Amino acid sequence: MAYKPSTKQHKKENWNKLKDSYSWNSETDYRVHPEQYKVGKGEQGVLLCEPYKSEILPHWRFKDASVAEISSTKIFEIFQAYLEKEDFVGADMARKFLQMGYTRARRYANHAGGRKYNPQNGEELPRAPEDPVKAESAAIFYKKWQATENHALYKKMKQDWKKTYG
């Protein structure tokens, strides 16, 4: 598949065509309407689902290992608090932020400046020598992300959610 560079206007036009069919939107309060939440794949919807995005995003950082440790620990605590409240949507959003911490830190570990694709032609840029600082940050987030994925209550809630809401 060939990559076609897009202008901001073209991206906006494409989004306007797709947004009604997209499973998440920033106007829905998912705490009030949790039944509208979809788990999706990976990190889908992580930057759209309110009020959870606004509650978790301020804690999301991966600059170096010490920052990643503080950030991932705080987000994991938020994950646990949502579970205690039986708030699956909140717990899943916290899980997504931990996953995104891992994937973004890996991106910066592999590509200086975090840019993976050439903006002119869309081709993947060559990997830079691995940034050990970002690689360590990624490893920290990965451990916390896996702890959420393997949490017994979360797994049960996720299974129940998918049965009920798809």
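Helix α3 passes helix α4 in a left-handed crossing (the near helix is turned anticlockwise from the far one by less than a right angle). The model is predicted: local features need pLDDT of at least 70, side-chain atom pairs count only at pLDDT 80 or more, and totals for chains, interfaces and linings use all residues. Residues are numbered from 1 along each chain as its sequence is written, and side-chain values use heavy atoms, without hydrogens and water.

**The α3/α4 pair**

α3 covers residues 65-84 and α4 covers residues 88-110. Their axes lie 8 Å apart, at an angle of about 160 degrees. α3 is therefore roughly antiparallel to α4 (angles over 145 degrees count as such). Contact means heavy atoms within 4.5 Å.

| Helix | Residues in the contact |
|---|---|
| α3 | Ser72, Ile75, Phe76, Phe79, Tyr82, Leu83 |
| α4 | Gly90, Ala91, Ala94, Arg95, Phe97, Leu98 |

By class, the contact of α3 with α4 has nine nonpolar, two polar and one charged residues.

**Glu43**

Where is Glu43 found? Glu43 sits in the loop between α1 (8-18) and α2 (52-56). Is Glu43 buried or exposed? Glu43 is buried, with a relative accessible area of 15% (buried means under 20%, with a 1.4 Å probe and protein chains only).

Leaving aside neighbours within four places in sequence, Glu43 is in contact with Lys96, Gln99, Met100, Thr103 and Arg104. The side chains of Glu43 and Thr103 are joined by a polar contact of 2.7 Å (a pair of N or O atoms within 3.5 Å; within protein, one must be able to donate a hydrogen and the other to accept it). Glu43 and Phe97 are 54 residues apart along the chain, yet their C-alpha atoms are separated by 7.4 Å.

How values were computed. Axes fitted to C-alpha atoms, helices over the stretch in contact; angles between N-to-C directions. Helix = DSSP H or I, 4+ residues; strand = E, 2+ residues; numbered from the N terminus. Parallel < 35°, antiparallel > 145°, perpendicular 65-115°, else oblique. Nonpolar A, V, L, I, M, F, W, Y, C, P; charged D, E, K, R; others polar. Buried < 20%, exposed > 50% of the residue type's maximum accessible area, 1.4 Å probe, protein only.
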